[in-house]
Amino acid sequence: MQPGKRDRLITFQRNGGAKDAFGGQLEAWAALTVGDWGGSEWAEKQDVSDGERWKAGEIDAQVTTRFRTLWHDGTAAVLPSDRITLDGESYDISGIKEIGRKRGLEFTANRRSD
C-alpha cells in the first residue's frame with residue numbers, strides 16, 4: 001500500500017453501550033482508544049462502483065466504501081460492531097480483512113445516502 005494513497009484521516013468509534021431510563025440501548029459513540037492509539041488513522045478511501053453494488057444485490061440507498069489502513073495493534077482491535085467517521089459522515093463497518101501478512105487492513109463500510 002503506497003503512503004500517498006492514505007490521504008484521509010478517519011476515526012474509529014465504538015458504542016459505549018449506555019442505557020436509557022427504560023433499559024433501552026442508547027447510542028453513545030466515542031473514539032476508539034487502544035493503548036496510546038487515539039483512534040484516528042490515515043486511510044485510502046475507495047468508493048465501490050455502482051456495477052459492483054449491483055452485482056452484490058445492493059439496490060438500496062447506501063454508499064459502500066473501502067478504507068485501507070496500515071496494520072498495527074490499534075487497527076487490529078477494531079471490530080465489525082465499531083464504525084468509521086470521515087468528514088462528519090458515519091460508516092457502519094460490514095467487513096474487515098487483512099491485506100498481506102499484517103501489512104494493512106481493509107474495512108468495508110456503508111453509509112446511508114438518503
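## Arg14 and its partner Asp82

At 30% relative accessibility, Arg14 counts as partly exposed, a class that lies between buried (under 20% relative accessible area) and exposed (over 50%), found with a 1.4 Å probe and protein chains only. Its side chain meets that of Asp82 in a salt bridge, with 2.7 Å from N to O; the term requires a side-chain nitrogen of Lys or Arg within 4 Å of a carboxyl oxygen of Asp or Glu. This pair links distant parts of the chain, since Arg14 belongs to strand E1 and Asp82 to the loop between helix H2 (73-76) and E5, 68 residues apart. Asp82 is buried, at a relative accessible area of 2%.

The structure is a predicted model, in which local features need pLDDT of at least 70 and side-chain atom pairs count only at pLDDT 80 or more, while totals for chains, interfaces and linings use all residues. Residues are numbered from 1 along each chain as its sequence is written, and side-chain values use heavy atoms, without hydrogens and water.

A search of the whole structure finds seven salt bridges. Glu106 forms one with Arg68, the closest N and O atoms being 2.8 Å apart. Here too distant parts of the chain are linked: Glu106 is in strand E7 and Arg68 in strand E4 (residues 62-70), 38 residues apart. Glu106 is buried, at 3% relative accessibility, whereas Arg68 is partly exposed, at 27%.

Lys97 also forms a salt bridge with Glu106, at 3.4 Å between the closest N and O atoms. Arg66, Arg68, Lys97 and Glu106 are linked in a network of salt bridges.

## Strands and their pairing

The protein has two helices and seven strands; these are DSSP runs numbered from the N terminus, with at least four residues for helices (H or I) and at least two for strands (E). Strand E1 (residues 8-15) runs antiparallel to strand E3 (residues 40-47), and four bridges join them; two strands pair if DSSP finds at least two bridges between them. Ile10 has Glu41 as its bridge partner in E3. Three bridges pair E1 with strand E5 (residues 83-86), again in the antiparallel sense, and Phe12 has Ile84 as its bridge partner there.

## The nonpolar core

The largest nonpolar core has 14 residues, of which Ile10, Phe12, Phe67, Val78, Ile84 and Phe107 touch the most other members. Such a core is a set of buried Ala, Val, Leu, Ile, Met, Phe, Trp, Tyr and Cys residues joined through side-chain atoms within 4.5 Å. E7 gives the largest share of this core, three residues.
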